[in-house]
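Open the model in your viewer and keep the sequence panel beside it. The tour below goes from one selection to the next and says what is there.

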Amino acid sequence: MTDVTDAGALFRQRLEGVATDIEAVLDRLLGPATLAEECARPARLMEAMRYVALGGGKRLRPFLVVETAALCGAKRDQALLAGAALEFVHCYSLAHDDLPAMDNDDLRRGRPTAHKKYDEATAILAGDGLLTLAFDILARPETHPNPAVRADLVLALARGAGLGGMVGGQMLDLAAEGRFDGTVKKLGAEDVKLLQTMKTGALLRFGCVAGAILGEASKEKRVAVDRYGTLLGEAFQIADDLLDVEGDAATVGKATGKDAALGKGTFVSVLGLDGAKARLKTLVNEAEAALSPFGAQASVLKMAARFVAERKA
Ligand code: GRG
């Protein structure tokens, strides 16, 4: 049996290690030098992209790429590049989600949101720039020498981030809020699950699958990390919904209490507080069980599932 205390300390150490390493990679990728076929890197746009991408954050998604890559025998440098691509997509989504046309938030990661710090047009373009750069990175030979692996990564990220993934989930969320017809929708448990699987879960799932793609893992291992990522995504969102109800804005780094104020359908609204907490426990256990093909090697990822469920920010 895994020693929870040791695994917890090891998990925190690994997460911090990835956060430090990914920060350096993101910084390098957002440097001022133009690349082949680029004409110029406009200073204000570069600065805003750096503000959005380098301003803190737990770096959980790159951590998932690095850890699953290690389990599947892929190189850490390559995992950090794929992780950087994923983090860029995540950061773009946060900047766009904070815009007045979306959630209209003033605070993100404990700092002014991008449109508050700059202006709306710059925040939109910074997000666009980060999204595009993510696919640029995945297409580079330094991310993986095998073009089929790179194409697989590009496809998987596009599917997770786009119409049938995160962007589609955001659309379902806005529609449920009554943005397009003025009627707040009463969502059932399955509606909330679908919406959140797309909006939040799809990128976390990609983080786990990316490691298996990079490591050209067996079908069994890819299916295992895919399932782990799917369960982790749901756990992450339930924890997020609980933080919105029970969290403290200063610790969470953004406004809380917004879901109830908007009458939004969340895991808490459909399952109740106790039901959501019980579901969270089940998900953590199932996520841990999904990693059984990796045996004891998966102890850090198992702790990651607990961390996601118990996080305070
Ligand atoms: C605008 C295209 C578009 C999509 C927006 C993911 C998303 C869709 C919006 C983010 C809004 C939000 C707060 C969702 C809840 C879950 C979530 C993604 C929380 C933030 O992720 P963390 O906790 O953040 O990993 P850090 O700052 O640690 O990176």
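At which residue does α13 bend, and by about how many degrees? Select α13, residues 267-290, and go to L273: the helix bends there by about 95 degrees. Keep in mind throughout that this is a predicted model.

**Helix α13**

With α13 still selected, take the distance between its end C-alpha atoms. They are only 22 Å apart, although the helix has 24 residues. A straight helix would reach 34 Å at 1.5 Å a residue.

Next, step back to T266, at the start of α13. A side-chain oxygen of T266 comes within 3.2 Å of the backbone nitrogen of V268. V268 is one of the buried residues of the helix, as is F267. Further along α13, colour A276, L280, L283, V284, A287, E288 and A290, which are buried too. To see what covers the buried residues of α13, show α9 (189-214), α10 (219-246) and α14 (299-310), which are among the covering elements.

**The ligand**

Now select the ligand and the residues around it. There are 21 of these, and K58, R61, H90, D97 and R109 come nearest.

- K58: an N or O atom of its side chain is 2.6 Å from an oxygen atom of the ligand.
- R61: a polar side-chain atom lies 2.7 Å from a ligand oxygen.
- R109: the distance from a side-chain N or O atom to an oxygen atom of the ligand is 2.8 Å.

Switch to a surface view of the ligand. Taken alone, the ligand exposes 710 Å², and the protein buries 93% of that. The most come from α4, which gives six residues.

**H90**

Stay on α4 and pick H90, which is found in this helix. Is H90 buried or exposed? H90 counts as buried because its relative accessibility is 10%, and the cut-off for buried is under 20%. Leaving aside residues up to four places away in sequence, H90 touches R61, R109 and L203.

**A148**

For the last stop, select α7, residues 147-161, and find A148 in it. A148 counts as exposed because its relative accessibility is 52%, and exposed means over 50%. A148 and I213 are 65 residues apart in sequence, and their C-alpha atoms are 9.8 Å apart in space.

Definitions and conventions:
Residues numbered from 1 in each chain as written. Predicted model: local features only at pLDDT ≥ 70, side-chain atom pairs only at ≥ 80, totals over all residues. Heavy atoms only, no water. Helix = DSSP H or I, 4+ residues; strand = E, 2+ residues; numbered from the N terminus. Buried < 20%, exposed > 50% of the residue type's maximum accessible area, 1.4 Å probe, protein only. Expected span 1.5 Å × (residues − 1). Bend = angle between axes of the 7 residues up to and from the residue. Contact = heavy atoms within 4.5 Å. Polar contact = N/O pair within 3.5 Å; in protein donor to acceptor, adjacent residues only side chain to side chain. Near = heavy atom within 4 Å. Areas by Shrake-Rupley, 256 points an atom, 1.4 Å probe, with all protein chains shown as cover.
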